[in-house]
Amino acid sequence: MDFSGFDIALLVLVALVVLVLFKGIRTIPQGYNYTVERFGRYTKTLSPGLNIIVPFVDRIGAKLNMMEQVLDVPTQEIITRDNATVAVDGVAFYQVLNAAQAAYQVAGLENAILNLTMTNIRTVMGSMDLDELLSNRDAINERLLRVVDEAAHPWGIKITRVEIKDINPPANLVESMGRQMMAERNKRAQILDAEGLKQSQILEAEGRKEAAFRDAEARERSAEAEARATQVVSEAISKGDVQALNYFVALKYTEALTRIGSATNSKVVLMPIEASSLIGTLGGIGEIAKEVFGGEGTAGAARQASRPPVVRPSQT
């Protein structure tokens, strides 16, 4: 089959159109931005989706990932303010916000971020004591994030997070810190024991104080009752009732004999009166009580008073 000149020209034109379309249409995946350069100079940034550029004039420059990315910070040794050497590693998270700045403001973006982070870790952590370094990790992360993000801002990126993963002091330093912690715990335990002993002594003293107060109150009430009984007897005597005096004397006499008989250090009890006289005296106490107080309310007291006490010699 012979092709005429027109057919050949048409085929060449179709091929040229296909080539132009192939060179001029660009599809950008989600999460990426491409920069466009015209004769080597940046002109625009292509966003995700279908984009058209000038074929044979424009070309794709840098292909940048706009998603948040993670960068491992390798282990490095840091000398703290108190001259302790520790090994530190970490991780940094960053996101490209401006593709043109990230592509043309810095060469080797990841390497630049890595070196910037490592340098600031040495600066920040080297200005702190070891104890402060181990106990203020959140403050260190916050300070690192602020410093590194401010330094990386002209590159069109955002440092979203900087985290210190491990802080490893030397083995001998860890052992010393363990002994220090044990001594501190023992000190706190001794303080707590002393505080407990103090509180126990205070409570015991307060208990003795309360008991003494109640004993004094009981003695006071007993004295008041004794005074009241004496007053009643005195009033009865003043009215000419001699039997009340006899009852009062007999009651005190019986109580004295009871205390003498119950004493633990007495082997022989000497009776100052004859037993028959004592029994007779005791037998009359009931009658005296009836005459003085009268009524059934004192009958039991009279019977109890008329019952002779049993006096036993104490055991050696």
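**Reading the model**

Guide: Asn33 is buried, with a relative accessible area of 16%. This model is predicted, and Asn33 has its place in strand E2, residues 32-38.

Visitor: Which residues does Asn33 touch, not counting residues up to four places away in sequence?

Guide: Asn33 touches Thr45, Leu46, Ser47, Pro48, Ala62, Lys63, Leu64, Met66 and Ala99, with residues up to four places away in sequence not counted.

Visitor: How is a pair of aromatic rings described?

Guide: A pair of aromatic rings is described by the distance of the centres and the angle of the planes. In this structure, a search of the whole finds one aromatic pair. The ring centres of Tyr42 and Tyr104 are 5.6 Å apart and the planes are at 55°, so the pair is tilted. The cut-off matters here, because planes count as edge-to-face over 60 degrees and as stacked under 30.

Visitor: Where in the chain do Tyr42 and Tyr104 lie?

Guide: The pair links distant parts of the chain, 62 residues apart: Tyr42 belongs to strand E3 (residues 41-46) and Tyr104 to helix H2 (residues 99-104). Tyr42 counts as partly exposed at 32% relative accessibility, and Tyr104 is partly exposed with a relative accessible area of 36%.

Visitor: Which residue lies over the face of Phe93?

Guide: Arg161 lies over the face of Phe93, at 5.8 Å from the ring centre.

Visitor: Let us turn to charged pairs. How many salt bridges does a search of the whole structure find?

Guide: The search of the whole structure finds nine salt bridges. In one of them, the side chains of Asp129 and Arg81 meet at 3.1 Å, N to O. That pair links distant parts of the chain, 48 residues apart. Asp129 is in the loop between helix H3 (109-126) and helix H4 (130-135), and Arg81 is in the loop between strand E6 (69-79) and strand E7 (85-96). Asp129 counts as partly exposed, at 28% relative accessibility.

Visitor: Which residue forms a salt bridge with Glu204, and what separates the two along helix H6?

Guide: The partner of Glu204 is Arg208, and the closest N and O atoms are 3.3 Å apart. Glu204 and Arg208 are four residues apart in helix H6 (residues 171-238), so about one helical turn separates them. Glu204 counts as partly exposed at 48% relative accessibility, whereas Arg208 is exposed with a relative accessible area of 51%. The cut-off decides this reading, because exposed means over 50%.

Visitor: What of Arg214 and Glu210?

Guide: Their side chains meet in a salt bridge, at 3.1 Å from N to O. Arg214 and Glu210 are four residues apart in helix H6, and therefore about one helical turn separates them. Arg214 is exposed, with a relative accessible area of 53%, while Glu210 counts as partly exposed at 38%.

Visitor: Finally, how is the span of helix H3 read?

Guide: The distance from the first C-alpha to the last is set against an expected value at 1.5 Å a residue. H3 has 18 residues and reaches 26 Å, close to the 26 Å expected. Its buried residues include Leu109, Ala112, Ile113, Leu116 and Met125. The buried residues of H3 pack against E6, E7, H2, H4, helix H5 (137-152) and strand E8 (157-168).

Key. Residues numbered from 1 in each chain as written. Predicted model: local features only at pLDDT ≥ 70, side-chain atom pairs only at ≥ 80, totals over all residues. Heavy atoms only, no water. Phe/Tyr/Trp six-rings, centres within 6.5 Å; stacked < 30°, edge-to-face > 60°. Buried < 20%, exposed > 50% of the residue type's maximum accessible area, 1.4 Å probe, protein only. Lys NZ or Arg CZ within 6 Å of the ring centre and 35° of its normal. Salt bridge = Lys/Arg side-chain N within 4 Å of Asp/Glu carboxyl O. Expected span 1.5 Å × (residues − 1). Contact = heavy atoms within 4.5 Å.
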